[in-house]
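Student: I have a chain open and would like to go through it. Can we start with the fold and then look at one residue?

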Amino acid sequence: MTTRPTLLGYVRADALSCAEELAAATDSLVAFASAEGFTLGTVYTERDAAESAAFHALLDEVKRSEVRAVVVPTMNHLGLGAPGGTPAEMRQHLEFHHAQVWAARTIEHRTP
């Protein structure tokens, strides 16, 4: 039996409007991990954007472990005042430490 690689999750609670959206975002990470052949490990939930404690904890785990994959509900969950600033900069922090970053779903842009 082969062991599935571990995937870590990161969710920004302040990017969501209610507890139901937070639960749905976490469920999307679980579904993504399963569909892509991963085992979902810790899901880091950022509750205070000013502190960015969850992102720092995620980055520390990526640095010290063999985990090389991170999933977010959408790329908008990176950034918004966190340590790297923009989603691209936060993604670079993770990729610098050899972690691939995926979005569980993409935001559909619709023309009015």
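This is a predicted model: local features need pLDDT of at least 70, side-chain atom pairs count only at pLDDT 80 or more; totals for chains, interfaces and linings use all residues.

Student: What secondary structure does the chain have, and in what order do the elements run?

Tutor: There are three helices and four strands. Starting at the N terminus, the order is β-α-β-α-β-α-β.

Student: How are the strands arranged in the sheet?

Tutor: The four strands form an open sheet in the order β2-β1-β3-β4, and the pairing is parallel. β2 (39-46) and β4 (100-103) are the edge strands, each pairing on one side only. On average, neighbouring strands are turned by 25 degrees against each other, direction ignored.

Student: How many bridges hold β3 and β4?

Tutor: Four bridges, in the parallel sense. Ala 69 stands opposite Gln 100 in β4.

Student: And where does α2 lie?

Tutor: α2 lies across β1 (6-12), β2 and β3, and runs at about 150 degrees to β2.

Student: Now the serine. Where is Ser 65?

Tutor: Ser 65 sits in the loop between α2 (53-64) and β3 (69-72).

Student: Is Ser 65 buried or exposed?

Tutor: Buried, because its relative accessible area is 17% and the cut-off for buried is under 20%.

Student: Which backbone atoms lie by its side chain?

Tutor: The backbone oxygen of Glu 61 lies 2.6 Å from a polar atom of the Ser 65 side chain. The backbone nitrogen of Val 67 lies 3.2 Å from a polar atom of that side chain.

Conventions
Residues are numbered from 1 along each chain as its sequence is written. Side-chain values use heavy atoms; hydrogens and water are left out. Helices (H or I, at least four residues) and strands (E, at least two) are DSSP runs, numbered from the N terminus. Buried means under 20% relative accessible area, exposed over 50%, partly exposed in between (1.4 Å probe, protein chains only). A polar contact is a pair of N or O atoms within 3.5 Å; within protein, one must be able to donate a hydrogen and the other to accept it, and residues adjacent in sequence count only if both atoms are side-chain atoms. Two strands pair if DSSP finds at least two bridges between them. Axes are lines fitted to C-alpha atoms, for helices over the stretch in contact, and angles run from 0 to 180 degrees between N-to-C directions. Contact means heavy atoms within 4.5 Å.
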